[in-house]
Amino acid sequence: MTEGSLGVAVVGFGWMGRVHTQAYARVAHHFADVPGVRLVSVADDVPGRAQAAANRYGFGKSTETWRDLVDDPEVEAVSITVPNFLHREIGAAFAEAGKHIWIEKPVGLSADDARAIVGDVQVTVGFNYRNAPAVERAKDIIASGEIGDVTHARFRFLSDYAAHPDGALSWRFERARGGNGVLGDLGAHGVDLVRYLLGEIDSLVADTAIFIPERPRPARATAGHERGSGEPGPVENEDYFGSLLRMANGARVTLDCSRVAVGEQNSYGFEIHGTKGALYWDFRRMGELGVAGGGDYQDEAVKVRFVLPGDGDFGAFQPGAGIPMGYDDLKVIEAARFLRSIAEGKPYGATLKDAIRSAEALDAMERSAQTGAWVKLQNK
């Protein structure tokens, strides 16, 4: 594949569609060995949005109908950044047409939705937090045995994006279009991070809650998390969940996720404890990894380690420790791995299998919250 030969399209041009588009543009700046792209087309059903995106970012054409792209011979790969309820239909159509797919999590509303995307194509899923160099360094430390056997851990994904009671009743709060609420939104990331670092989940128990039962309807098409001004309507899916996980390796994990946590802005991270040490990471200090260990066990100091060029893909962005990376950089890494997967015919980064595993755990959490019982995962 020669530079600039891969034709890509973007379906859905809200915030995430823009992030994907900018990531494609930046890949060549950071990864010289990854094929370049041509921005063939952009699709969005909001009148004028796709054309505006084409004018601003240089897509060759635009459309309000994603189906126009399925049979377009110029489109070889597609980013799917539409609301969750559209993932299954759109993903399945492009996979069947032989188009490679970069799709945002959670890949539909259930594990069955993710399984419906079938085709001889590469599928990369937007679990971007695993791409943070500090997280990849943590994975290496765990695998090396430096902190011993993992005994227990705490993962959190807490946010305030839905904390205001006047937040618009968008598709995110409807069961039919937004699925299981914060489980599919933040929980999908949380489960993926647990699996990426600690392996498969054996069984779990969960509890969920809706804390803001009504919200005003939006006055127009919304983008992001805007306020509403219309008549109130019911919130149909979860604002919060907490889960206890038993890992296949015997470790115990707690996972807490909330979209209504006042005072918490993108408070994502983990604390992982082993028999000889511990690891600490906070997304808001993305380039730092707290490490405890050294053989003293009791009163062990925690040292802050800045990521280095040898950690993950940090060296593709910065020449030395202590220089921050940002969220969009993680999506550039994701885009590069997607394009490398296509070029080499083998997966790099998070795959459709990871999305299915995450969705299976989230489906199990829903069942557990309804029954109060532990649920065992099949992990087939």
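Biologist: Let's start with N128: does N128 count as buried or exposed?
Modeller: In this predicted model, N128 counts as buried, because its relative accessibility is 1%, and buried means under 20% relative accessible area.

Biologist: And where is N128 found?
Modeller: N128 sits in the loop between β6, which covers 123-125, and α6.

Biologist: Which residues does N128 touch there?
Modeller: Leaving aside residues up to four places away in sequence, N128 touches H189, Y327, L330, K331 and E334.

Biologist: What does the side chain of N128 make a polar contact with?
Modeller: The partner is the side chain of K331, and the polar contact is given at 3.4 Å.

Biologist: You mentioned α6, so at what angle do helix α6 and helix α8 pack?
Modeller: Helix α6, residues 133-144, packs with helix α8, residues 182-198, at an angle of about 40°, and their axes are 9 Å apart. The two helices are therefore oblique to each other.

Biologist: Which residues in α6 meet α8?
Modeller: On the α6 side there are V135, E136, A138, K139 and I142, and they meet L193, Y196, L197 and L198 in α8. Sorted by class, that contact has seven nonpolar and two charged residues, with no polar ones.

Biologist: Changing topic, how many salt bridges does a search of the whole structure find?
Modeller: The search of the whole structure finds 33 salt bridges. As background, side chains of opposite charge can pair when their charged atoms come close.

Biologist: Take D329, then: which side chain does D329 meet in a salt bridge?
Modeller: D329 meets the side chain of R26, at 2.6 Å from N to O. This pair links distant parts of the chain, since D329 is in helix α9 (residues 327-344) and R26 is in helix α1 (residues 15-30), 303 residues apart.

Biologist: Why does R26 count as partly exposed?
Modeller: R26 counts as partly exposed because its relative accessibility is 24%, whereas D329 is buried, with a relative accessible area of 12%.

Biologist: What about K61, and which side chain does it meet in a salt bridge?
Modeller: K61 and D72 meet through their side chains in a salt bridge of 2.9 Å, N to O. At 33% relative accessibility K61 counts as partly exposed, while D72, at 9%, counts as buried.

Biologist: Which residue does R115 form a salt bridge with?
Modeller: R115 forms a salt bridge with E360, and the closest N and O atoms are 2.9 Å apart. That pair also connects distant parts of the chain, with R115 in helix α5 (residues 111-115) and E360 in helix α10 (residues 352-371), 245 residues apart. R115 is partly exposed, with a relative accessible area of 38%.

Biologist: Which residues do salt bridges that share partners join into one network?
Modeller: The network joins D112, R115, R130, D192, R195, E200, D354, R357 and E360 through salt bridges that share partners.

Conventions. Residues numbered from 1 in each chain as written. Predicted model: local features only at pLDDT ≥ 70, side-chain atom pairs only at ≥ 80, totals over all residues. Heavy atoms only, no water. Axes fitted to C-alpha atoms, helices over the stretch in contact; angles between N-to-C directions. Helix = DSSP H or I, 4+ residues; strand = E, 2+ residues; numbered from the N terminus. Parallel < 35°, antiparallel > 145°, perpendicular 65-115°, else oblique. Contact = heavy atoms within 4.5 Å. Nonpolar A, V, L, I, M, F, W, Y, C, P; charged D, E, K, R; others polar. Buried < 20%, exposed > 50% of the residue type's maximum accessible area, 1.4 Å probe, protein only. Polar contact = N/O pair within 3.5 Å; in protein donor to acceptor, adjacent residues only side chain to side chain. Salt bridge = Lys/Arg side-chain N within 4 Å of Asp/Glu carboxyl O.
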